[in-house]
Amino acid sequence: MGLISHAHRYGWVGKVEAMSNKTRGMGRWLAGLMMLAAILMLVGVGQAAAVQSPPLPQNAGMSPDGTPGTIYYGATPPGGGTNKPVLVFVQGLHGQANTWWTNGNDMYSDAYYAGYRTAFVDLIDAGGSGGSIWNNGQMLAGQLNTITAHYGVSSVNIVAHSKGGLDSNAAIVQYGAAPKVQTLFQLSSPNWGSQLADLSYSWWGGWLAAILGQRDDAVYSLQTGQMAYYRSVSDGSSANSYVHYDTSAGSSHGPWFGALWYGGAYLQFYGSNDGAVTVSSAHHPLGTHIFTDGNLDHDQMPIGHNTWSRVQPYVSTLWRGLSAGQTSKVEEQSPYASLPAGEIIRGGPVRGAANERFAVENGVQSLNITALTSANLYVTLTGPDGRQYQPVAVKQGDRTQTLGAAVYIFFQINNPMVGEWQFIAAPTLGLYKSGPAAYLLVANIQSGLQISLSSSSKALTFAPGSSVNFTLHASDGAASLGNLRVESHLSGSGFSRTSQTVANDGGSLDINLPATAGVYNLSLTVRGLDAHGAAFERSLTTSFAVGDLRPAVNQ
């Protein structure tokens with residue numbers, strides 16, 4: 001279809017005819033403009049060709065790339081780099097060293113052209129199964145000894161993404177690397193743990209995480225209870241006086257139904273987050289928070305062109321000599337001060353078919369459901385009127401994320417009908433004998449009904465056999481709710497206990513902890529009637545550190 005035909009279609013006839021009368025007069029001007037554009041393009045191409053990718057970092061050992069313990073040294077930068085600190089880059093959960101220079105990440109290139117000597121490390125996670133912050137920290141401490149000897153320096157600065165920031169912190173405080181490190185710059189590191197890790201060890205999500213092979217030492221380390229314990233034994237150490245801790249965070253969840261969209265939706269009740277880590281968790285209790293970028297999600301934080309310009313000013317110098325500074329006073333936050341219950345959570349193994357029925361109350365603006373499943377399942381969602389809803393998206397997750405090996409099935413319902421909804425997960429036709437299967441259902445509900453727990457305790461860890469006291473908060477608008485049925489599951493370290501009680505808004509709930517050291521998950525559901533008499537339910541999960549955990553996680 002030509003321009004005149006388009007013009008008749010949209011009513012532009014007069015304008016097109018007037019334009020045609022001017023065409024000859026504009027010909028030479030357009031030709032000149034095109035020539036100028038061509039010249040500018042050639043100049044741009046010449047400039048781009050001048051900035052070439054640097055030589056790739058080289059494996060310093062005899063083991064294949066990706067082997068835990070491997071060190072890679074970047075090429076000598078222009079000018080030699082001896083007038084600047086050596087930078088060591090540590091990647092995050094289930095990652096490998098090459099994440100800093102592959103798949104469009106120009107962090108290594110940026111550091112190279114800025115004149116820095118660099119080193120990159122493969123920790124236990126590089127081998128396929130995630131390592132604990134303790135074991136990774138011990139490995140990294142040894143690698144830092146090798147790196148400083150290689151470059152002939154006494155100390156380095158570290159840039160670390162996500163869990164890599166925790167591994168680095170453990171190397172510094174627990175394994176003697178403090179004199180070797182002057183600055184640790186964390187890119188969205190969960191210093192207070194991740195509620196998504198708690199979900200992986202919950203009563204509902206544990207089955208799926210186990211089948212997916214994602215209940216490893218790394219995810220175990222990221223439970224909020226485990227990290228509360230780590231903070232309790234690390235933040236008061238004199239080793240911290242050797243190091244400056246700088247932190248950063250993102251608060252975008254990425255594209256709709258992308259790899260981080262589900263995590264962002266789940267974490268929203270805990271505050272701003274980047275799809276994997278909340279902004280509050282990214283703050284180190286001894287550190288200085290440098291920036292939060294609302295345009296970056298968790299996966300975008302370690303990308304050079306996103307963050308290098310903001311990281312470089314803080315890693316460009318070595319701030320101390322051979323002696324340590326002064327340890328700052330720690331003002332620890334309580335991970336149990338406020339625990340929101342904003343979702344309905346169900347899950348478990350699939351034996352034949354799993355049939356879940358759950359209530360949706362009055363006044364719900366939106367019901368966003370994510371079903372995480374093993375690959376051999378299909379799901380259906382049916383409303384109270386019998387209408388069957390279709391998913392708006394089905395995605396394969398990102399294996400580097402918590403529960404990322406699952407298939408993600410998304411439903412979105414605006415102004416959902418009040419009443420009982422039904423969710424069914426069953427094996428795909430012909431796959432009934434394909435092996436174990438499991439699912440996790442997370443229904444995010446936007447309404448005026450609010451359920452939460454709070455605790456006035458400042459404790460980060462708990463003695464074996466002790467109890468944690470919570471206050472239950474339950475309201476629907478201005479109305480307090482009562483006669484609520486509270487079901488709790490406490491599990492971990494071979495222990496499992498289910499209990500039920502009835503409570504009112506403002507009532508007290510005591511969680512009695514086991515007598516054996518370990519990290520224990522609490523999965524709690526509150527059910528009752530809203531202010532108009534319709535049934536509702538909400539769930540939450542958290543974890544507690546009981547006793548001394550270092551011997552158990554260090555074996």
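**Briefing: burial, salt bridges and sheet**

Arg527 is partly exposed, with a relative accessible area of 22%; here buried means under 20% relative accessible area, exposed means over 50%, and partly exposed lies in between (1.4 Å probe, protein chains only). The model is predicted: local features need pLDDT of at least 70, side-chain atom pairs count only at pLDDT 80 or more, and totals for chains, interfaces and linings use all residues. Residues are numbered from 1 along each chain as its sequence is written, and side-chain values use heavy atoms, with hydrogens and water left out.

**The chain as a whole**

- The chain has 555 residues, of which 54% are buried.
- Its secondary structure consists of 14 helices and 26 strands; these are DSSP runs, numbered from the N terminus, with helices (H or I) of at least four residues and strands (E) of at least two.
- Among contacts (heavy atoms within 4.5 Å) with a separation of 6 or more, 78% are between residues 24 or more positions apart.

**Salt bridges**

- Side chains of opposite charge can pair when their charged atoms come close.
- A salt bridge is counted when a side-chain nitrogen of Lys or Arg is within 4 Å of a carboxyl oxygen of Asp or Glu, and this rule gives ten salt bridges.
- Arg527 and Glu487 form a salt bridge, 3.5 Å from N to O. Because Arg527 is in strand 25 (residues 518-529) and Glu487 is in strand 22 (residues 484-492), the pair ties together parts 40 residues apart in sequence. Salt bridges that share partners join Arg527 and Glu487 with Arg346, Glu356 and Glu537 in one network.
- Glu361 and Arg538 form another salt bridge, with the closest N and O atoms 2.5 Å apart. Glu361 lies in the loop between strand 11 (354-360) and strand 12 (366-373), while Arg538 belongs to strand 26 (residues 535-546), so this pair ties together parts 177 residues apart in sequence. Glu361 is buried, at a relative accessible area of 1%, and Arg538 is buried, at 1%.

- Helix 10 (residues 224-234) is largely enclosed by the rest of the structure, because nine of its eleven residues are buried. Among these buried residues are Thr224, Gly225, Tyr229, Tyr230 and Arg231.
- Arg231 forms a salt bridge with Asp235, the closest N and O atoms being 2.7 Å apart; both residues are buried.
- Thr542 lies in strand 26 and is buried, at 2% relative accessibility.
- The C-alpha atoms of Thr542 and Gly225 are 7.4 Å apart, although 317 residues separate the two along the chain.
- Beyond its neighbours within four places in sequence, Thr542 is in contact with residues including Thr224, Asp198, Tyr336 and Tyr520.

**An open sheet and the helices across it**

- Strands of a sheet pair through backbone hydrogen bonds, either parallel or antiparallel. Two strands are taken to pair if DSSP finds at least two bridges between them.
- Eight strands form an open sheet of mixed pairing, in the order 1-2-4-3-5-6-7-8. Strand 1 (58-59) and strand 8 (288-293) stand at the edges with a single partner strand each, so one side of each has no neighbour in the sheet.
- Strand 3 (residues 87-90) pairs with strand 5 (residues 156-161) in the parallel sense over four bridges; Val88 has Ile158 in strand 5 as its bridge partner.
- Helix 5 (residues 133-151) lies across several strands, including strand 2 (71-73), and runs at about 30° to strand 2. Axes are lines fitted to C-alpha atoms, for helices over the stretch in contact, and angles run from 0 to 180 degrees between N-to-C directions.
- Helix 13 (residues 304-315) lies across strands including strand 6, to which it runs at about 160°.
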